[in-house]
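Student: I would like a close look at a single part of this protein chain. Please take one residue and follow its surroundings.

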Amino acid sequence: MFFVPSQICGFTVNLNCICSIFMIRMKVIFQFILITSLLLSAATAQKSIYKPHKIAGAEKKGEIITGADQTELYIGYLKGKNIGMVINQTSVIGKNLTLSVDTLLKLGITVKKIFGPEHGFRGDASNGATVNNGNDPATGLPVISLYGNKHYKPTPADLKGIDIIIFDVQDVGARFYTYLSTLHYVMEACAENNVELMILDRPNPNGFYVDGPVMDTAYRSG
């Protein structure tokens, strides 16, 4: 006896044809499942870009201790030397948020000059505004502007008599902030004039985000 499914179904087809149709349908279903899985994976990966990544020890509760706050690690090295400081209103030490230059002066460190980035040493200048040289009324120290009159890089005259430059400025990881460019120029000047450079680290609060368009190099600056 030979069983012919086409007669039962009421069409004129054979067993091979039914098997082929079944396989095609299975392939379509499998492809649909695969594409759906890939799309979901891509969406999840894209979404994760805009969320902070977990790092080792991130779950542990505790305060971040900035480089400037760890005075016991560098005060001894600064004593007896002439110091220049690249700082602004973010350069604070301790829970009272005391400006770092005031703290170092109280600890007996000889600070000779202050170098101010964009917005000025006290952070009271607007975006892109020319900041001129001057003197800090609180400490009497000379303040050399590294943002204004095309004076972006300390000159040999600026660094004369300076043993160590301390760079302590908070950044936020945005390309249009000029503080990283200022650090670049300071590093070059220190290397060219045989002046030591001490960078007091302040973690980037947006360090786990990558966003925005790729820079058009025709508009590169800094």
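Tutor: What follows starts with one arginine, then turns to a surface patch and to model confidence.

The model is predicted. Take Arg 175. Its place is the loop between strand 7 and helix 6, the latter covering residues 179-192. Is Arg 175 buried or exposed? Its relative accessible area is 55%. Exposed means over 50%, so Arg 175 counts as exposed.

Now look at its partners. Setting aside neighbours within four places in sequence, Arg 175 is in contact with Pro 213, Val 214 and Met 215. Gly 212 is 37 residues from Arg 175 in sequence. In space, the two lie 9.6 Å apart, C-alpha to C-alpha.

Compare a residue in helix 2. That helix spans residues 15-49 and holds Ile 29. Ile 29 has a relative accessible area of 45%, so it is partly exposed. Together with Met 26 and Ile 33, Ile 29 forms a nonpolar surface patch. The three have about 280 Å² of accessible area together.

Confidence comes next. The chain averages a pLDDT of 77, and 72% of the residues score at least 70. Strand 7, residues 164-168, has the highest mean pLDDT among the elements, at 95. Helix 1, residues 5-9, has the lowest, at 36. Two stretches call for care in reading. Over residues 1-13, pLDDT stays under 50, and the model has seven contacts there beyond four places in sequence. Over residues 46-59, pLDDT also stays under 50, with 13 such contacts.

Technical notes:
Residues numbered from 1 in each chain as written. Predicted model: local features only at pLDDT ≥ 70, side-chain atom pairs only at ≥ 80, totals over all residues. Heavy atoms only, no water. pLDDT = per-residue confidence, 0-100. Helix = DSSP H or I, 4+ residues; strand = E, 2+ residues; numbered from the N terminus. Contact = heavy atoms within 4.5 Å. Buried < 20%, exposed > 50% of the residue type's maximum accessible area, 1.4 Å probe, protein only. Patch = residues over 30% accessible without salt bridge, like charges linked within 9 Å, V, L, I, M, F, W, Y side chains within 5 Å. Areas by Shrake-Rupley, 256 points an atom, 1.4 Å probe, with all protein chains shown as cover. Salt bridge = Lys/Arg side-chain N within 4 Å of Asp/Glu carboxyl O.
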